[in-house]
Amino acid sequence: MRGGLVFFRGAGAAARAYLESDHSHADEYYLADAGAVAQWTAWDSRGLLTAEATLSGTDYQAWVDWKEPESGASRGRPREETRVTKDGEVVVNPASPRFVEMTVNCDKSLSVAAALNPAVSAALDEAQAAAAEAMNKYMAQNTVTRTGPRGEQKLVPVERLESVSVVHRSSRAGDPHRHVHVQWNTRVFAEGKWRGMHTAATLKQQGALRGVGEAAIHSHDGLQEALAAAGFTFDPSTGKVTNLEQQARTMSKRANQIQSNLARFEAAWREQHPGQEPDAAVLRRWDQQAWAFERPQKVQATESAESKWLTELRDAGLQVDGFEPVELPASTTLNQLDRAAIAEHVVTVAGARSSAWSLADLEGHIGVFIGAAGVTAEPERVVDYARNMAKEIAGSLPSLPVEVTGQLPNWVRHYTSEHVQRIERELREGFAARGLESGLALDANAKPLKGLNAEQSLAARALATRAPLVVIEGAAGSGKTTMLAAAKELAAREVGASEATRFVVLAPTLRAANEAAASIGAAASSAHKLVHEHGFRWDDDGRWTRLEVGDVDPVSGVLYEGPSEAFTVDADTRLVIDEAGMLDQDLMHAVMTVADEGDASLALIGDRAQLPAIGRGGVLDMAVAASPRPLDLSELYRFREEGYAELTLQMRDREAPGALFDKLHERGNIVIHDTDEAAWAAITSDVAAKAEAGATVAVAVATNEQAAEVNALVQAAHERAGRTRTPAVEVAGSDSLTLRIGDRLMTRQNNSELGVANRDTWTVDRVHEDGSVQVKAGARTARLPREYVEEHTHLAYASTEYGVQGATVDYGHGVVSDGSSAQAVYVAATRGRAHNALHIVAGDRADARDLFVTAMGREAGDRGTAAAIATVERDVEGVVLPDSYNRELRAARLAAEERVHRAEVRAWESAREQWQSRHPETPVDDYAAAVQSAGHEADAATQHRAQLEGDTSSEAVAAGEQQWVTDYAAVERAESAAASASVFRRAAAQKEAEAARRAFEDRHRVAPTPRPSEAQRQAWARAAVAAGAGGKLGAARAAEQRAIAHHNGLRRDPAPAAKQPAAPQPGTPAQEKSKDDAYAERQRVTGREQQRDARLARERQQSVPDKSPTAER
């Protein structure tokens, strides 16, 4: 599941055209079900289906226009809302959204699998239908509307919600792309009438919807079985069929070629038919021609879509049939999941992305986890599991301290974690401490430095000091890089070369750091690289750890030895963080830790009006709040168009967006288009023309998909104009677009061995025989291996707003859409020196103005817990919330907790009495001291026994040696006497000598020797302390055994806790509500089990045969 909720504000005819443009018109035979285009369903608040039908194109248009599908009766009239702002400006809000849509889609490899195998095709249809149904049920159960007067409104569950589902099997370019458009009408029925859906609440539940849909597809047992039987290996963690990835890449590549052909045919047609729109027949002809263009001998326009796909894959030499069935992976049930692991994962992932989350957000994360875990289960069970698990997790989380009375809805983001709170608290405290030590005594009237204005000079002088914290904000085009270079020179000149402050520039990306370093001649790196050198590590979930010197890096397996010399930080170092607003809190916390450990000073440079961090943000807000003198650069130098600089400052400050739109449109800085295709065509034409003239151009779009579409169109334009060449070897980037010599290419992964950084832009210079690509950027060159190109590059004619932030070019283009934020619009509108154009697709000027005004009021990204608290209060402003709990349920739960507590106290008291009876010599409350004393006594007894054994052994060896010496001396004397005896005494003397030897041998069991052997000594020692030894040693051993037995007895039988069980304590309102929910769920489960047991008992009783006599029967 990719993408989010999209609100459609056009009329029914425009909605029908939108649906028909989102697939190949050669695919229309799939929709030949009596002319039907949509499956309509109605749902009640319980998530039960109450009605269904098939809508024709005309019926669908009426439904979008808020008319009853069956009777045609009107359910309301879409209107505009006019209001006056506090500044006196009249604002017309956009027309009411007609429906909200989310697309159920899947990886391209699954779509290819469905195209290759009918059984997989049917199973995928079922899985996506199950996902759509699960999303419908979730929406029906969680959608609300508002009733009552302003300021006293109530949130009311809807009683009827209607949706339509439209299935497409191909993309606009005609390649396999299974997706289902699920649309929910924004007119809902509640309290006796049709009302407007509370769309703000719906929008904040898109994470839950995405999780529900993804889990329903990935856990569909029929799909997994069909894939295995067809020989396809499915990885639920990625949603990919792993042995069809090359086939999927081939189809994507072909789709891009077809899209280019379509653009060519449309451009030619519009040139011949100005002011006209193509009808269905023309669109169908384009689709067929685009597929067969330049390949008439291989593809026939009359072939079915599947036949064309199979032909393409066979022509590419790829397997399309004959796959051997694979073993179906062992299925995982919901009960087998590790709930603690899920909770840890979900809280970590949620905390990495934002500072606060709703119950719906938690449900979404859990759904994604279940989908990736290879679980097989019914969608209803998955949704129930996710809902209950989310409540369980929420019950353990702290809630933001919001000043709201009543129960917060499930979609309000008020949960957070101790980790999130700790990191933000430490960041704020760290900035505050540095701010207090940074008394910047700067003369605002001092003469400006050479080449700088007064604002820049003040900022440069601040940076040249050793103040622990310097914060500088600068509008786009204010010359921050020029100022930074001057600050570096000033620091060296004023302090002295030997003591000069060493500037180290950090940036969110290596490319930005390299650019800054090249501009000012300072050391630079990405912020991630610096903290990595200092032992910090993080994973894809956002879990941060830190290695100590001597630890083994779990990723590389290499011993961590600390930072290299180039990344050493000390008191002479100033860490200058460029684009500081884009650093997330965890990364900034690591950077501040490194700075604190090295006593280095910090400088943050950025602009809060530009795009924020992708994860938990608000870093620059904290720094500005803590700085004693935050500086701002607002004098602009970038823009050459007269008067445009002032308009960008108004955009930055979000002043009077309606009037700002009027000025920008009048000047040509805002361009309005009827269709997306017209917008892309205009951008493509201008980018190609400017590139031909040697100018640099940046195109900022909202999504990677849009960037790929524009890249394909611009590439085709360059090809048609002959500005690029076809290489001898085909190789495509990660966007599946085949590279051409002369193409602009962006690298997306840092690789020091190749000499490339993430978001570096290059020109393709050559494609080698092995598929490696030679690229150049000015004097720099690199040779990229084929594997790197295919995985980590894409065309660079267009990029997301995040991709262009920090770039300065000659001309800039941006696209403003329903999802655009004020920061994204500002970034897109400030890249070009000579000219900037914002493109808006709208029905007329008024609609475009409304869309722009709305975008300028929309905030992007996370700004910390303080902003999250303000958002919560804004979400429920003017709404009367229900009591935060069910009083009867709360009373029952508290009574149950009290009963449990009393039982625990009684059990505790009984346990103490029983323990005391087993250990009468030890007071129960003295257990800990008694265990310690018994341990000491056992140790002392052991030491005494060991000492006695040593002494006894030594004494026995000494006595043995003495006896040995005495006995041997007797042998020597007898032998000497025998040797010197006279003839008459010799016989007697020899007998005496023999007797002496026998006596020695009888006593010592060995022949006489001068000294006993070591073995003999050890034998004497062992014999002296052998078991059964009496006297002091025996008594010591007995005492030791008694002491050890006493100690072990106490240890094996610990005394009950000294304090009685604590009484239940109230938690936060959110925690108490979670306890209520858990209690209610336990009661429901218990009730169901009791009903089941009673039913089984009745069935057993009924099944017992009647054994009474026949007469009695």
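This is a predicted model: local features need pLDDT of at least 70, side-chain atom pairs count only at pLDDT 80 or more; totals for chains, interfaces and linings use all residues.
A residue is taken as buried when its relative accessible area is under 20%.

Aromatic ring pairs were considered next. A pair of aromatic rings is described by the distance of the centres and the angle of the planes. Rings of Phe, Tyr and Trp pair if their centres lie within 6.5 Å, and by this rule twelve aromatic pairs are counted. One of these involves phenylalanine 661 and phenylalanine 852, whose ring centres are 5.8 Å apart. Planes under 30 degrees apart count as stacked and those over 60 as edge-to-face, with the rest tilted; the planes of this pair meet at 50°, so the pair is classed as tilted. Phenylalanine 661 belongs to helix α22 (residues 657–667) and phenylalanine 852 to helix α28 (residues 845–856).

An edge-to-face pair is formed by tryptophan 964 and phenylalanine 1000, with 4.9 Å from centre to centre and 80° between the planes. This pair also links distant parts of the chain, since tryptophan 964 is found in helix α31 (residues 927–980) and phenylalanine 1000 in helix α32 (residues 983–1004), 36 residues apart. Both tryptophan 964 and phenylalanine 1000 are buried. The two residues are also members of a cluster, in which ring pairs link Trp964, Tyr968, Phe1000 and Trp1020.

Charged side chains were also found over aromatic rings. Arginine 75 lies over the face of tryptophan 194, at 4.0 Å from the ring centre. In a second case, the ring of tryptophan 66 has the charged end of arginine 187 over it, 4.9 Å from the ring centre.

Valine 552 is placed in the loop between β19 (544–546) and β20 (573–577).

Glycine 4 is located in the segment before β1 (6–8). Its relative accessibility is 25%, and glycine 4 therefore counts as partly exposed. Apart from neighbours within four places in sequence, glycine 4 is in contact with Glu101, Met102, Gln206 and Arg210. Glycine 151 lies 147 residues from glycine 4 along the chain, and the C-alpha atoms of the two are separated by 30 Å.

Methods. Residues are numbered from 1 along each chain as its sequence is written. Side-chain values use heavy atoms; hydrogens and water are left out. Rings of Phe, Tyr and Trp (its six-membered ring) pair if their centres lie within 6.5 Å; planes under 30 degrees apart count as stacked, over 60 as edge-to-face and the rest as tilted. Helices (H or I, at least four residues) and strands (E, at least two) are DSSP runs, numbered from the N terminus. Buried means under 20% relative accessible area, exposed over 50%, partly exposed in between (1.4 Å probe, protein chains only). A charge sits over a ring if NZ of Lys or CZ of Arg is within 6 Å of the ring centre and within 35 degrees of the ring normal. Contact means heavy atoms within 4.5 Å.
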